[in-house]
Amino acid sequence: MYFINVILPIPLKQTFTYSVNKDEAHFLRPGMRVAVPFGKTKVYTAIVYNVHSNNPPAYETKDIHQILDEDPIITPKQLQHWEWIASYYMCTLGEVVRAALPSAYLLESETIIVLNEESSVDESKFSDDEFMVLEALRNQSSLHINDVRNILDRKNVVSVTKALYEKGVITIEEEVYEQYVPKMKRYVKLAPQYTSEENLRSLLDKMNSAPKQKEVLMTLFMLSSQQKKPIEALALQKKSNTTATVIKALLDKNILEEFYEQRDRVQYSGEETKPIKALSEQQEQVFNAIKKSFDEKEITLLHGVTSSGKTEIYVKLIAETLKKGRQVLYMLPEIALTTQLITRLQNYFGEKVSVYHSKYSVNERVEVWNNVLENLQKAQIIIGARSSLFLPFQDLGLVVVDEEHEPSFKQFNPSPRYHGRDAAIVLAGLHGAKTLLGSATPSLESYYNAQHDKYGFTELKQRFGNVLMPEIELVDIKEKHKKKLMKGHFSDRLLEAIQEALANEEQVILFQNRRGFSPFVECTTCGTAPQCPNCDVSLTYHKHKGQLRCHYCGYHMQMMAACFACGSPTLDTKGFGTEQIETELKAIFPEHSIARMDQDTTRGKHAYAKLIEKLENRDIDILVGTQMVAKGLDFRNVSLVGVMNADTLLNFPDFRAHERCFQLLQQVSGRAGRTKKRGTVLVQTFNPYHQILQMVSTNDYGGMYKQQTEDRYQFKYPPFYRTIKFTFKHRNYDTMQKASQWFAKALQLQFREYVLGPEPPPVGRVRNQFISNVMVKIPKQQSLAKTKAVIQKVEHSFNAIKDFSGVRLIIDVDNY
Ligand code: ADP
Ligand code: ZN
Ligand code: ZN
C-alpha cells in the first residue's frame, strides 16, 4: 500500500492522505502537483507533501485523479520555509500555498478561463474533450471551471484545462497589470559650436535665406532667456508656430541638437550595460564594513540617510553575489517604487533582472517562477514586493530588504499575515544567504537587534556628493492663526517659501495625510455630521465629485444641499484633505501646474507612473499628496517640502504612531534637495514643542530611538514583547461582544495581565460588521511555541462553541 500526504490550498490545518499505486509512488516527489477529489464534488490541485507506505489511516483513502507535473515545481526548501510561515503566523500550510503559488498553478472551481485570441493551434492535435471546451469558448467569452465540468460531464477537468493552458489556447482571467513603459520627451538645444557669439552672429546672417528656421532660433533664444529648464521640441515648435519639418531641417544641419531626458528609464532592450559606479570613500567604508559583518553575522542593518547612496552599495553587493553564481532577492515594500529602481538595476545587470509581483499577469508570474526554479540567467536578480519571497530559489546568496521599516511589508488580508522582512530573513537562513536591511529610518525592532549585536550594523551619515540634509523648520500654526497670518491652510512662511521655490523654477511637494476635501461635514445648526450607514465613521467630503464617501467601505452618496436631521442649509466642512489643499493652491497659484497624488488620483492604470513621470519632466510645479509622496523616490529638482499638518500623525491611537510619524516626516523630508542646493522642509503644527517633532527637525534618529524604546519597555511592547492580535467580527453586536469576551477570558487564565481587551478599534463597525480586538503580549523569555500551543487550544474550544460559529476570528502575529 502506498500513500501520499498532500497540502490542499484551503484553510484546514492538516495534510490529507490519498492512496497511490506503486508506480505513482515511485514517480511522485514532494512539491509535485496532483489533482485529487475532495468532498462529494470538488477536485483540487494539491501539493505532494510526502510519499509513504506506512500507517495507513483509519479511514478509507481515495485515489488521486491524476499527476500534474513531471518534476516538482516547489523545492524542499520552499516547503520548509512555508511550514515556518504557517507555524509562526498561526495559519495553515494550505493558506500559504494559496498565497505562494501563481494562481495558474492552482486551477480550481472559481477559476475563470478565457480563449487566448492570439493562439493558433493545430486543432487536429486536440483531444475530444479539449475540442469541446474550445468550441464552448468560441461561443461565450469565458467559462468557470464548473462550466467546464458540466460541458464534459465529469468532475475532474484539471487535465483538460491544464493541457489547453499549456498549448496556449486559454488564459486565466485576472486583473492584469502591465508594466508601464514611460514616454520620453524630446528636447532641443543649440549645437555647442554656436555658443560663441561670433559663430552665432555669422550663423544668423547666413540664415536670412531661411526665415522660417531663423524664426525658430529666435524663439529658442527667447524661451531660453525665460526659463532655466530645458526646451522641449514640441513646445518650441508650437511657440514658433512652425512645423516638425522646419525643426528637423535645423537638426539635420547640425544647428540644433536633440536629446532625451529620462534616457535611463527606457525599458531594458537587451543591449549594453553601464559600469557600476565607483563608490565614494564613505560608501566604500560601509561596503567593506558590511562584508566584514557578513563574516560573522547573517543579517546586517544599513542605516543610511536619504540619498546617501544605499542603492549603489546594494548594487556592489549584488555584483559580488552574482560572481559567486548565487541568486539575489531585492525586496521593496511596494511595486510602485520599483519603476525607478528596475531601470537602475537593469542598467547595471541587463537581462539578469526579473520583476515579480502579484499584480503581474499569471502568465508572467508563471514564467518568472519557472526561470527562478531552473536558475536561469534571466532570473539571477529578482526585484519584487513581499510575495517574491515565495519563489523557488535554488541558491540564494543575498537578500536585500530596502526601506525595511515600511509597515506595508506586513501582509494583513488574506492570511498568511506574514512580515515580508522577517519571512525573508528566515528564507535567507535556509539558503545560507546573507540579509541586508536598509533604511534611512530603521524600524525600532531592527535597530534594537543591531544595538544588541544580533545584527551587524553600519551607518552612512551623509548624503552622496556632499549634498546637505534638508533644513527642517517647524512652523507654529497656532501662533499664525492668532496673528491672522494664515491663508486657508497655509502659513505666511509656507506661502513665502513656495513662492521662492517657484520663482527659482524649483518644484514643491506638499504632504497632507488625508485624502478628500474634508474629513467631515457638520451642520452648524444642529451639529449632525453625516455617517456611513455601514461603518461607524463620518463620511468624507470629495468636492470634485460632489460626493460624500466612506474611506472604509467605499459607500458614497451625493453631497446634500441641507442637513438631513434639521433641514438647515448651513453645512460646514471640518478638517481638510489633499483635495482641499489642491483647490486652495490653484486659487493662490493660478499660473502654475498643480497635481495631486493620493488613492483617488492613482487608481487608473499607470496613473501613478504617469504622475511620477510628469514630476520628473517638470510638468508639475507643486505636487500635493498623501504618504504616497514619502516613498523612496528620487527627484532632482524638488527644493521644498511642506507638511500641511503634522498633528494628525501624532494623535493616532497605536503604539507605533510616534515611530511612524518620525519615519514618515523624515522620509518625506528626504525628497527635498537631493542635488546641490540644500533643500527646505517646513512642518506646520499646533504642537511645535512636541518631542517627536523636535527630533524630526534635528534629524535625531538616536533620540527618537531612545525615547521610544523607553516607552515600549514601560508599556510592554515590541521590541521587548511580542504581540499577537485577535480580531472578532460579526454582524450582531452582542454575539461579537460575547465571543471576544469569552476568548479574552480564556487567554487571561493563562497569560493574566498580558491580555488586553476586548476593545473596539477606532472604527468599531466596518461594512456592517462589529469589530473588537484582543491582544496578547508575550515576554521575550516566554516560549513562543508553548504560547502558541495554548492559543491554539483556546481557538479550538472557541471553534467548538455553537453560538460563536458565525464569528470571524483573525489572528495576527506581530501585528501592525
Ligand atoms: P539612497 O538609496 O540612500 O536614497 P541613492 O542610492 O538613490 O540613495 O543615491 C542618491 C543619488 O546619488 C542617486 O542619484 C545616485 O545615483 C547618486 N549616487 C550615489 N552614490 C553614488 C556614487 N558612488 N557615484 C555616483 N553617483 C552616486
Ligand atoms: Zn442640522
Ligand atoms: Zn463605510
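**Ground rules.** I am working with a predicted model, where local features need pLDDT of at least 70, side-chain atom pairs count only at pLDDT 80 or more, and totals for chains, interfaces and linings use all residues. Residues are numbered from 1 along each chain as its sequence is written, chains are lettered from A and ligands numbered from 1 in the order in which they are written, and side-chain values use heavy atoms, with hydrogens and water left out.

**Overall build.** Along the principal axes, I get a C-alpha box of roughly 100 × 70 × 65 Å.

I looked up burial next: 54% of the 816 residues count as buried (under 20% relative accessible area, with exposed over 50% and partly exposed in between, for a 1.4 Å probe and protein chains only). The accessible surface is about 37600 Å², and carbon and sulfur atoms hold 49% of it; the areas come from the Shrake-Rupley method with a 1.4 Å probe, and for residues only the protein chains shown count as cover. The chain has 103 positive and 95 negative charges, whose mean positions are 4 Å apart. Here Lys and Arg count as positive, Asp and Glu as negative, while His and the chain ends are not counted; each charge is placed at NZ of Lys, CZ of Arg, CG of Asp or CD of Glu.

**Confidence.** Mean pLDDT is 87, and 94% of the residues reach 70 or more; pLDDT is the predictor's confidence in each residue, from 0 to 100. Which element has the lowest mean pLDDT, and which the highest? Strand E7 (residues 142-144) has the lowest at 76, and helix H15 (residues 420-431) the highest at 98. I also marked two stretches with pLDDT under 50: residues 174-182, with 27 contacts beyond four places in sequence, and residues 262-270, with 20 such contacts.

Most residues other than glycine have a negative phi, and most peptide bonds are trans. I noted these exceptions.

- Ser-415 to Pro-416 is a cis peptide bond with omega near 0°, and Pro-416 sits in the loop between strand E16 (396-402) and H15.
- Gly-757 to Pro-758 is also cis, with omega near 10°, and Pro-758 lies in strand E33 (residues 755-759).
- Asp-453 has a positive phi of about 70°; the residue is in the loop between helix H16 (444-451) and strand E18 (456-460) and is exposed at 56% relative accessibility.
- Arg-752 has a positive phi near 40°; this residue is in the loop between helix H25 (733-751) and E33 and is exposed at 52%.

**One last distance.** Ser-196, in the loop between strand E9 (185-190) and helix H7 (197-206), is partly exposed at 31%. From Ser-196 to Gln-451 I get 59 Å, C-alpha to C-alpha, across 255 residues of sequence.

Notes. Helix = DSSP H or I, 4+ residues; strand = E, 2+ residues; numbered from the N terminus. Contact = heavy atoms within 4.5 Å.
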